[in-house]
Amino acid sequence: MKRLWRWLIPLAAVPVLVLLAYGFRLSPRDIPSPLVGRPAPGFALATLEGAPLELATHRGKVVVLNFWASWCYPACYEEAPVLERNWRGYRERGVVVVGVDVQDKREAALKFVGDFGLTFPVAQDLKGTVSVDYGVYGVPETFFLDRQGRIRVKHVGAVTDDVFRTTVDRLLAEAASP
Amino acid sequence: MSRVRIAVLAALALIGSVASPIAAQTATPVSEDAVHDIALQLRCVVCQNLSVADSPSEMASQMRAIIRERLAAGESPTEVQRYFVDRYGEWILLSPPRRGFNLLVWLLPLAAVVVGLATAGALVWRWTRRRRGVRPPPVTVDAAMSERIRRELESGS
Amino acid sequence: MTADLGYGMTLIALGLAVYGGVAAGAGARTGRLALIESAQHAALGVFVLVTSCFALLTYAFLTFDFSVRYVATNTNLGTPFYYRITGVWGALEGSIILWSWMLALYTIILIVRHRVGARELYPWALATMLGILAFFLLVMTVAAPPFQRQAPVPADGRGLNPLLEDTGMITHPVALYLGFTGFTVPFAFAMAALITGRIGDTWLVLTRRWTIVAWYFLSLGLLIGGWWSYHVLGWGGYWAWDPVENAAFMPWLTGTAFLHSVMIQERRRMLRLWNISLVILTFGLTLFGTFLTRSGVIASVHAFTQGSIGILFLGFLALVLLTALGLVAWRWETFRSEGELDSVVSRESAFLLNNVLLVAAAFTVFFGTVFPLLSEAVRGVKVSVGAPFFNQVNIPLFLSLVFLMGVGPLIAWRRASLDNLKRNFLWPVALGIAAAAAAFALGVRSLLAALTCATTVFVAATIAVDFTRATRARLRVGESLLPAMGGLMLRHNRRYRGFVVHLGILIIALGVMGSHAWSVQTETTLHRGETAELAGYRFRFDGLTAVEESNHFKVVGAFTVSNGRVLGVLRPAKKFYPQEQAPIAYVDYRLGLREDLYLVLGDFARDGSQATIKLQVNRLVSWIWIGGVVLTLGALLAILPERHKSV
């Protein structure tokens, strides 16, 4: 049997098929942020009530920065109670939750805050500059900042108790040790 | 239909927001073309495959406003682009920057054309040579004759 | 009840298709006609069953039968009658039913047409068709069953994706799928040719018209898709180089290459291997397209929801490619026929060049589409490959192809003499250069635009030269003008029909070029009564109104357009659907031969006092649709049987 090389012809299709099969292991919606590990961009916004809200004032605390919107159903509705619960649980230990409301209307946002009884500070990002500064794709997205003000973890989708606690506990422990 | 109405009122409450006006309260005048050129190269982050220039979404419109602002503040188009890449990664560029591994996507199509042309050229050369080698040169039909044949063919008779 | 009935029919159809495929194969091997006849009956059964499934699902849509999950997800009580019918194929499961139905239909046509004429090839082609059909029926039973019970039965359904509430949505998938499935027939005959070892010209002759039909529907599908994108998606363009658009475009490119290289094989008995490969490639790419659309591997606007179906499609793609290429390897020796050419300057060479460019373009599109995957696999970095890349890389290729469109049909077969060249190309080349000069004089400074002008005029001139010459020849024989031209089209070989298709493509190219080079846009916020200006047009914002429709609610803006005199009122809107989070932009436009006005409503204040708008003046876009009509005409002519045998 000579000309065995001709059987290489069908094999030419294999790399392409393997590449496509590899695609199943990826999620096209899951995009890593280049900001992780870098200092968090500062911002100065106004809260829904009109009070100034600056990131810099929370330096030295572990900051949980949550981007949300009242139209983001159901994920934002799922995570709102989680955020509130953990904010209450952790606030005495040097943790602050900051909400940033994006592409939203003030009345709708206020209603959302009222419905869920949110007590952590919530600012409105009217022009979208802060969301772009943080490379936000969609809501909800949550950034966990350490005491040095660096972004350590980016979480896409609704935050769960588990995610909140493990991440914040780790950042607290790390900051206490040196 | 009440279901529609409720949903709609909810939706309206959300969307009919503050309509952040696009106005020329800027320092240096910025041409819309310059904004458009930068926006064309950026991927709209909430859409799937549209550029920031093309997308009708609110997010894209805010991003265009940011481009406009940064240009007005005196940044060069390259700097504006770098601002977005720093935050979203290379992913946000609709055409991969021409360096490193990305060169592959730019060069391979070119290589394909070159290899294709070379192969076709080599084949044509071989086939025409074979012809000459094996047989006597083909009879040259004179122009007038071929024209006549052609006319007769075309007349369809 | 409905769901069970439908599911039962799907299962039986699957059984019949598998049986038919096996029977046809066995019949072909043993030569027992009874088996082949039995396979034909099975195919007929499959067709009847799939048709019934389709009818049943349509009936379920029309009667709001929410006990069927697919109906409950894709319609609600507010969905208008018209969209309840198109909703049948609006989502994944229904699209597979439509696909299967078309395949079954093609199988029946294949049986009717080729049962007698092609004794050797036909049984294997039938077996291949039924095998592919069996796969789609498998998908219908396992991965994406349209007939699934919904319990408890909801009072109302969810509703159709609002973007699909458009007339383009009836025709776009239908045309596209007719194109996609149409390439199954040439593929089936190619497989038959490989299996039987009769790789000569018979299979080509048999599938010639099929290929043209498939190619035409694919072109139509692409064009309607562009039109839908332009007037529904509201982003101001017609082609976004989205992975799924690319997926439909690739088989079009290779299919076009095949249509041309076939002619070389017909005349010179060359390129057999190449032609078989092109058919395999084209069919493989149609499967790749379905895979891409339905697997969610690559993010895309058009993507259906994902699920196990992707793996199923990938498996089938692997099976098809490995089998087909394996057969090519097996028959390798038979392909060994060396070609002979008389001259480098000949139509054969022009066609080869055309094939190289088309396949290179297909490769470029393919590689660009899968490159993000490769980048992530190798570097772990996500990148995007979008419109700027594809435009930049493909424009030189397409421009060369358009140029060849002028050269190919007029250069002589075998050997082009200097006289032939001078006679055919002197005037067109001169006109092309003149056009470039004129463009330059009129202020066009981009090299690309000038080159495109020159090429377009050159090609148009070649077509005109040849056409007038042939008509004049007929006039001389005593025919009068109109019958002479008509006769040319209808009677005289397919050359002139091909010209009409070329003319259509040329007009489309003109539209694409014009819209790229000369469109302008701006974005602005207006208070009521204020005016925006663009390219000599003034747009006055007159206010907003709210309107309630049967299944949605919309906010409509009114903008008076004038350019010295009032041209009319444009009413772009935002539609709010209960089932959608984000509102849908509804554009308004004013089409014209020279330019379209295109207006998108953005953000607005709730009291209607101000609104942000995106304004576009898109140049020459209408010519794309006009080109589509010309192309349709040419393709219809090409499909008509020839009254005169071509030379």
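1. Leu544(C) stands opposite Gly557(C), which lies in strand 4 of chain C. The two strands concerned are strand 3 and strand 4 (residues 553-563) of chain C; they run antiparallel and are joined by 10 bridges. Four residues separate strand 3 of chain C from strand 4 of chain C, and the pair forms a hairpin. The model is a predicted one, and the points below should be read with that in mind.

2. Strand 3 of chain C also takes part in a second hairpin, with strand 2 of chain C, and here two residues lie between the strands. Within that turn, Ala535(C) has a positive phi of about 50°. Strand 2 (residues 531-534) and strand 3 (residues 537-548) of chain C pair in the antiparallel sense over four bridges. Strands of a sheet pair through backbone hydrogen bonds, either parallel or antiparallel.

3. Chain C also has an open sheet of four strands, ordered 1-10-9-8, with antiparallel pairing. Strand 1 (520-527) and strand 8 (588-590) of chain C are at the edges; each has a single partner strand, so one side of each is left without a neighbour in the sheet. On average, neighbouring strands of this sheet are turned by 20° against each other, direction ignored.

4. For strand 1 of chain C, the pairing with strand 10 (residues 610-619) of chain C is antiparallel and extends over eight bridges. Thr522(C) has Leu615(C) as its bridge partner in strand 10 of chain C.

5. Is Ser100(C) buried or exposed? Its relative accessibility is 0%, so Ser100(C) counts as buried. Leaving aside residues up to four places away in sequence, Ser100(C) touches Val50(C), Leu133(C), Phe136(C) and Met140(C).

6. Cys53(C) has a relative accessible area of 1% and is buried. Cys453(C), at 18%, is buried as well; the cut-off for that label is under 20% relative accessible area.

7. How many disulfides does a search of the whole structure find over all chains? The search finds one. This disulfide joins Cys72(A) to Cys76(A), with an S to S distance of 2.1 Å. The torsion about the S-S bond of Cys72(A) and Cys76(A) is about 95°, and the disulfide is therefore right-handed. Both Cys72(A) and Cys76(A) are buried.

8. On confidence, chain A has an average pLDDT of 89, and 94% of its residues score at least 70. Within chain A, confidence is highest in strand 3 (residues 62-68) of chain A, at 95, and lowest in helix 1 (residues 8-11) of chain A, at a mean of 88. Where pLDDT is low, the predicted coordinates should not be read in detail.

9. Chain B has six helices and zero strands, and from the N terminus on its elements run α-α-α-α-α-α. Of the 157 residues in chain B, 44% are buried. Among contacts in chain B with a separation of 6 or more, 43% are between residues 24 or more positions apart. Chain B exposes about 8,300 Å², and 61% of that area is supplied by carbon and sulfur atoms.

Note on methods:
Residues are numbered from 1 along each chain as its sequence is written. Chains are lettered from A and ligands numbered from 1 in the order in which they are written. This is a predicted model: local features need pLDDT of at least 70, side-chain atom pairs count only at pLDDT 80 or more; totals for chains, interfaces and linings use all residues. Side-chain values use heavy atoms; hydrogens and water are left out. A disulfide is a pair of cysteine sulfur atoms within 2.5 Å. Buried means under 20% relative accessible area, exposed over 50%, partly exposed in between (1.4 Å probe, protein chains only). Two strands pair if DSSP finds at least two bridges between them. Axes are lines fitted to C-alpha atoms, for helices over the stretch in contact, and angles run from 0 to 180 degrees between N-to-C directions. Contact means heavy atoms within 4.5 Å. Accessible areas come from the Shrake-Rupley method with a 1.4 Å probe; for residues, only the protein chains shown count as cover. pLDDT is the predictor's confidence in each residue, from 0 to 100.
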